[in-house]
Amino acid sequence: MNEERNYIKKYPSREYVISEVLPRLVSNREIPFLKKQGIAYKTVLDMAVIFQIPVSNNKPDVYVRCSIGKLFLKDMSLTLDELFVYAMHNMEKQYKIIDIDGLMCRIMGDSFELPEDKTIPMWVLTKPDYMYGAAAMLSDYVLSEVQKIIGGRIAILPSSVHEVIAMPYRDQKDLQDYLEMVCSINKEVVQEHEFLSDNVYTWSKREGLQAFVYPV
C-alpha cells in the first residue's frame, strides 16, 4: 500500500486498526476503481464494502478517513473476513436509527411540517455523524433492532452511501412499488458519487439480507 504510506505519517498498529476500522458501503460501479487502486473490498450482494480508519492529516485533533489497501491488510496480518467482522463490530457500537420525520426536522428546521396523511413508517439507518452510514444495513444486530420498532417484515431502500431507509412491507407489490421509487429517486435526486444501488432488499432473522428480484 505505497500510496497510503505516503500520507500516513505514523503507521498505525494492528490493535489501532482493529479498534477503529469502520465499513463503508459503496456501489459495485466502484469495483474497477477499487481494483486499480489496490483497495481492499468485500462484495455483498450487488454492492461492495471498503474499510477505513481515521488518520491524522498533520493538524492537531483533525483526522481524515483512509481506505485500507490490500498490501496494508497483509502487513497487518489480517484477512478480509476478519477485517469485515471487526469493522461491523465497531459499526454496531455507533449506528443510529432515526424516524425520517426527525431527520427532516433536523435538516430543514422549523420550516418542516409533518405530513398529515403519512401512513407508512420510515426509519433511517446511518451513523451519528450522518456520513457513510449505509453499511448499517449489513448488520443483523442493527436490523433486528429495526424489526423491534417496525414489528413486521423489513424492506431496505438504499437512499445513498450515507444512509438507507427501512420500511415495513406486506407483499411483493409493496416491494415493486419501493423498487420503482428507489430507481426514480436515484435518477432524479441522488448525485452520482453518492449512488449506492437501484435494488431493494429484504431482511429477516431466518433468511438474512436478500436482494428483491423483480419478477419477469
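**Exercise 1. A lysine in a loop**

Locate K93 in this predicted model, and decide whether K93 is buried or exposed.

*Solution.* Step 1: K93 is found in the loop that connects α5 (80-91) with β5 (96-99). Step 2: the relative accessible area of K93 is 59%. Step 3: the cut-off for an exposed residue is over 50%, so K93 is exposed. Step 4: a further lysine, K127, stands 34 residues away from K93 along the chain, and the C-alpha atoms of the two are separated by 9.8 Å.

**Exercise 2. Salt bridges**

State how many salt bridges the structure holds. Then describe the pairs that involve K42, K127 and K148.

*Solution.* Step 1: the structure holds five salt bridges. As a general principle, side chains of opposite charge can pair when their charged atoms come close.

Step 1: K42 pairs with D81, and their closest N and O atoms are 3.0 Å apart. This pair links distant parts of the chain, since K42 belongs to strand β2 and D81 to helix α5, 39 residues apart. K42 is partly exposed, at 22% relative accessible area; D81 is also partly exposed, with a value of 48%.

Step 2: K127 forms a salt bridge with D129, with an N to O distance of 3.7 Å. The two partners are to be classified separately. D129 has a relative accessible area of 42% and is partly exposed. K127 has 6% relative accessibility; the cut-off for a buried residue is under 20%, so K127 counts as buried.

Step 3: K148 forms a salt bridge with E145, the closest N and O atoms being 2.9 Å apart. Both residues lie in helix α7, three residues apart, which is about one turn of the helix. K148 is exposed, with a relative accessible area of 62%.

**Exercise 3. The cavity**

Determine how many cavities of 30 Å³ or more the structure contains, and which residues line the largest cavity.

*Solution.* Step 1: a search of the whole structure finds one cavity of 30 Å³ or more. Step 2: the volume of the largest cavity is about 40 Å³. Step 3: the lining consists of L22, P23, R24, Q52, R65, K127 and Y132. Step 4: strand β1 (residues 22-27) supplies the largest share of the lining, three residues. Step 5: by type, the lining residues divide into three nonpolar, one polar and three charged.

**Exercise 4. Strand pairing**

Trace the pairing of strand β9 (residues 201-204) with strand β7 and with strand β10.

*Solution.* Step 1: β9 runs antiparallel to β7 (residues 154-158), and three bridges join the two strands. Within this pairing, A155 stands opposite T202 in β9. Step 2: β9 also runs antiparallel to β10 (residues 208-211), to which it is joined by four bridges. Here W203 stands opposite L209 in β10. Step 3: β9 and β10 form a hairpin, with three residues between them. In a regular strand, side chains alternate between the two faces of the sheet.

**Exercise 5. The chain as a whole**

State how many helices and strands the protein chain contains, and what percentage of its residues is buried.

*Solution.* Step 1: the protein chain has eight helices and ten strands. Step 2: of its 216 residues, 45% are buried. Step 3: among the contacts with a separation of 6 or more, 64% are between residues 24 or more positions apart.

Key:
Residues are numbered from 1 along each chain as its sequence is written. This is a predicted model: local features need pLDDT of at least 70, side-chain atom pairs count only at pLDDT 80 or more; totals for chains, interfaces and linings use all residues. Side-chain values use heavy atoms; hydrogens and water are left out. Two strands pair if DSSP finds at least two bridges between them. Buried means under 20% relative accessible area, exposed over 50%, partly exposed in between (1.4 Å probe, protein chains only). A salt bridge is a side-chain nitrogen of Lys or Arg within 4 Å of a carboxyl oxygen of Asp or Glu. On a 1 Å grid over the protein atoms alone, a cavity is a set of points where a 1.4 Å probe fits but cannot get out, and a pocket is an open set with protein on both sides within 12 Å along at least five of seven lines; lining residues have an atom within 4 Å of a point. Grid points are joined across faces, edges and corners, and a volume is the space filled by probe spheres set on the points. Ala, Val, Leu, Ile, Met, Phe, Trp, Tyr, Cys and Pro count as nonpolar, Asp, Glu, Lys and Arg as charged, and the others, Gly among them, as polar. Contact means heavy atoms within 4.5 Å.
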